[in-house]
Amino acid sequence: TFLDPLNEFVTSTVYSTEAQGWTGDMAGIVIYHFLDGIGGVDEHKAVQGKYVNLYDLFYDNPALNLSDTSRPLWVQDPLIQQHLLWSRQPGPPTEELLCSFVEHAAWPGWKRKQRQEVLRSLGPAAEPSLRRLLTFSK
C-alpha cells in the first residue's frame, strides 16, 4: 500500500483502542499522527481522560536531538518509547470505522469554513458517503 496504516503511517491512541493506534515494529514507523488536530481532545471521550501534549513530547523536548537521525527518538527518550508502546495494539482493527470522533459542533470556526469550502468544491454529484462524512450541523 502507498501509506501503510498498520506500521508506517500510524496514529496515536486517543479515542479508541479498537480503531486507533498502530501495530508492528517501532523502527518501521515513518509518520506518527498525534490525532489532536485542533490542539486538544474531548476529555470525556479520550481513552486517557485527558489531553496528552505530544507536540511537547516529540518536538519541544530537551532530551531529544532531532537532527540526530542515527538514534531513534524512542532511544533518546524513554518517555517516547513508553508512549509509542502504550498506543501499540496487539493487531489491526477487525473492521473499518468512521474517522470522526470529535463532534462537528466542537470544531473551531476555521475548520467549519474549510469543510464548507470542500463540500462546495465537490458539487452535488459527490459520492453520498463522502458528503455524509464532511457534512455537519450548524
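How many helices and strands are there in the chain? There are five helices and two strands, where helices (H or I) need at least four residues and strands (E) at least two, both taken as DSSP runs numbered from the N terminus.

## Ground rules

This is a predicted model, so local features need pLDDT of at least 70 and side-chain atom pairs count only at pLDDT 80 or more, while totals for chains, interfaces and linings use all residues. Residues are numbered from 1 along each chain as its sequence is written, and side-chain values use heavy atoms, with hydrogens and water left out.

## Overall layout

Going along the sequence, the elements come in the order β-β-α-α-α-α-α. Of the 138 residues in the chain, 30% are buried. Here buried means under 20% relative accessible area, exposed means over 50%, and partly exposed is in between (1.4 Å probe, protein chains only).

## The aromatic cluster

Let's start with the rings. Y32, F34, Y55, F58 and Y59 form one aromatic cluster. A pair of aromatic rings is described by the distance of the centres and the angle of the planes. Rings of Phe, Tyr and Trp (its six-membered ring) pair if their centres lie within 6.5 Å; planes under 30 degrees apart are stacked, over 60 edge-to-face, and the rest tilted. That rule gives five aromatic pairs. One of them is F34 with Y59, with ring centres 6.1 Å apart and planes at 55 degrees, so this pair is tilted. F34 sits in the loop between strand 2 (31-33) and helix 1, and Y59 in the loop between helix 1 and helix 2 (73-76), so the pair ties together parts that are 25 residues apart in sequence.

Is F34 buried or exposed? F34 is buried, at 14% relative accessible area, whereas Y59 is exposed at 51%. Y55, in helix 1 (residues 54-58), is partly exposed because its relative accessibility is 49%. Y32 belongs to strand 2 and is buried, with a relative accessible area of 13%.

Now for the voids. On a 1 Å grid over the protein atoms alone, a cavity is a set of points where a 1.4 Å probe fits but cannot get out; a pocket is an open set with protein on both sides within 12 Å along at least five of seven lines, and lining residues have an atom within 4 Å of a point. Points are joined across faces, edges and corners, and a volume is the space filled by probe spheres set on them.

The structure holds one cavity of 30 Å³ or more, and the largest cavity has about 130 Å³ of space. Its lining has 15 residues, with T13, V14, V41, K50 and V52 nearest the centre. The second largest pocket holds about 290 Å³. That pocket is lined by 14 residues, and I29, V30, Y32, F58 and L73 are the closest to its centre. Strand 2, helix 2 and helix 3 (78-87) each give two or more residues to this lining.

## Charges and loops

Side chains of opposite charge can pair when their charged atoms come close. How many salt bridges does a search of the whole structure find? The search finds one, counting a side-chain nitrogen of Lys or Arg within 4 Å of a carboxyl oxygen of Asp or Glu. R71 pairs with D68, with the closest N and O atoms 3.9 Å apart. R71 is partly exposed at 38% relative accessible area, while D68 is buried at 18%.

T94 lies in the loop between helix 3 and helix 4 (109-122) and is exposed at 81% relative accessibility. The C-alpha atoms of T94 and E18 are separated by 8.2 Å, although 76 residues apart along the chain. P62, in the loop between helix 1 and helix 2, is also exposed, at 81% relative accessibility. C-alpha to C-alpha, P62 and D77 are 9.5 Å apart, and 15 residues apart in sequence.
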